[in-house]
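Subject: Handover of a structure and notes on its contents

Dear colleague,

Please find below the structure that I am handing over to you. I would be grateful if you kept it open while reading the notes.

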Amino acid sequence: MTLVARLLEWLLAPLLFLWLATAIITFASLHAVLDQAADRRVLDAAAHVQELWQRSNQSATHVRPLLYSLGGGGGRRYEIGIYDRNGLELVATSPGQIELSTTALHGTMQTLIVGDEASRCGISKRAADGATAHTVVACDASSERTSQSVAAFRHILIPQSLILLIATGLVWYGLRYILRPLSQLQSDLDARDMNHLTPVNVSVAPRELEPLLTSVNNLISRLTSGFESQRRFIANAAHQLRTPLAAIHTRIELAHRMLQNGEVKSAQEVLGAQAQLSVRTTKLANQLLSLARSETAGLSGQEKPLVITQALANVLARSAARAQTVSVELIYEEVGSTEHWRIAGDQTLIEEAISNVVENAIAHAPAHTEVRCIADATAREIRIVDAGSGVADADAESMFHPFVRGADNQRAGTGLGLAIVREIMRRHGGEARFASRDMSGGACLILSFPMFMA
């Protein structure tokens, strides 16, 4: 069912109900008004006959033509009878048809049986005294009254029905006019593709549609960000993987020729270098995937709170063996009430961000030095401090750009670790930055988390 059909259903159902209620009330009111008018006519007819009866000295011969005239001849409207003080019929349009009760109240309208039908009858006040006392009864069939009411109501119902049809047409046209911006929005959105995801113009829409269009624009913004992330990932992957993959192919062919020429030792040396290149290429591919995942990851708002110190402890446990291999000691410190320091987020991403920073510090720390990991719940930040060559203040910001490596670039690395860290922190409402360098040397990278305590 279309939106127009649903709105018509909801708008016309009450309109039809009101029309039906109005028709019933109109018929009841009309019938009551016509009844009152008919009652007055009946009483007037009874009074007129009574006056004529008195003027004619109670002569049935003179009165009978009037009775037939009021009765309408063969298709008479009224049944009229004149009765003496004892209730005996003196003259009538249809003798013996009116059953007049001896307890009937004079000068009122009552319902009496005329023939086989209930009729409204007007009973005149008793006139004269003694033996000449008489009463006139004029009756109007109830069925005729109902027919008159129905006929009058029909004349009212026809224009009301026409008004209802006109109102239905106006409502339909109004709905189509009101919903025209939605049709235009549909056409606008249908004309777009992934290369043309500009925001929808909110100003041309009715005020009631602005929240909807704002949500649509937010969705378009998220889609644009996702498409841009995919484009960057494809471009970065193509750029960064082309060279190592070509080198792998070349070294495999070289080792193959050396084996054919019997140069086994040389082939082994080439394959050894090939193994190192494969490890570096694998790490590069994994970090490219991590960067793409961190750029497109969105928080649903329903993540469970995670303990920051627990995430840091998990990372340090996994990095302990690597640090021991290069003779670097990992030192863990806490500041403030860390047991209640939590945030709502993705624990896997948070641990990956911390792990990249810790692994980077271990890689740049000289042998027999320390890497200090400080969990500061008071400042809501983690500080990773090493004793390496450090990062100059002028280069600190550029170190978070993809594929940018420090001055000590002879070490194996992809230049993606810190870019992944910053993107993950921003996704969680935090930030990654280098502290200003002091005379002590080394580097201090700070992970700042949003204010959320649980």
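The notes below cover the basis of the model, a sheet, the cysteines and the aromatic side chains.

This is a predicted model, in which local features need pLDDT of at least 70 and side-chain atom pairs count only at pLDDT 80 or more, while totals for chains, interfaces and linings use all residues. Residues are numbered from 1 along each chain as its sequence is written, and side-chain values use heavy atoms, with hydrogens and water left out.

The sheet

Helices (H or I, at least four residues) and strands (E, at least two) are DSSP runs, numbered from the N terminus. Two strands are said to pair if DSSP finds at least two bridges between them. On that basis, 5 strands form an open sheet in the order E2-E1-E5-E4-E3, and their pairing is antiparallel. Its edge strands, each pairing on one side only, are E2 (89-92) and E3 (108-114). From one strand to the next, the twist averages 30°; for such angles, axes are lines fitted to C-alpha atoms, for helices over the stretch in contact, and angles run from 0 to 180 degrees between N-to-C directions.

Strands E3 and E4 are joined by 7 bridges in the antiparallel sense. Met 109 stands opposite Gly 122 of E4, and Ile 113 has Ala 118 of E4 as its bridge partner. The hairpin of E3 and E4 has 2 residues between the strands, and Gly 115 takes a positive phi near 70° there. Strands E4 and E5 also pair in the antiparallel sense, over 5 bridges, with Ile 123 opposite Val 137 of E5. In a regular strand, side chains alternate between the two faces of the sheet.

The cysteines

How many disulfides are there? The count is 1 disulfide, where the term denotes a pair of cysteine sulfur atoms within 2.5 Å. Cys 121 and Cys 139 form the bond, with their sulfur atoms 2.0 Å apart. The pair links distant parts of the chain, 18 residues apart: Cys 121 belongs to strand E4 (residues 117-123) and Cys 139 to strand E5 (residues 134-141). The torsion about the S-S bond of Cys 121 and Cys 139 is about 110°, so this disulfide is right-handed.

Are these cysteines buried or exposed? Buried means under 20% relative accessible area, exposed means over 50%, and partly exposed lies in between (1.4 Å probe, protein chains only). Cys 121 is buried at 0%, and Cys 139 is buried at 2%. Cys 373 is likewise buried, at 0%, as is Cys 444, at 17%.

The aromatic side chains

Rings of Phe, Tyr and Trp (its six-membered ring) pair if their centres lie within 6.5 Å; planes under 30 degrees apart count as stacked, over 60 as edge-to-face and the rest as tilted. The structure holds 3 aromatic pairs. One of them joins Phe 27 and Phe 153, whose ring centres are 5.4 Å apart and whose planes meet at 75°, so the pair is edge-to-face. Phe 27 lies in helix H1 (residues 3-55) and Phe 153 in helix H3 (residues 142-178), 126 residues apart. Phe 27 is partly exposed at 28% relative accessibility, whereas Phe 153 is buried at 12%.

Yours sincerely
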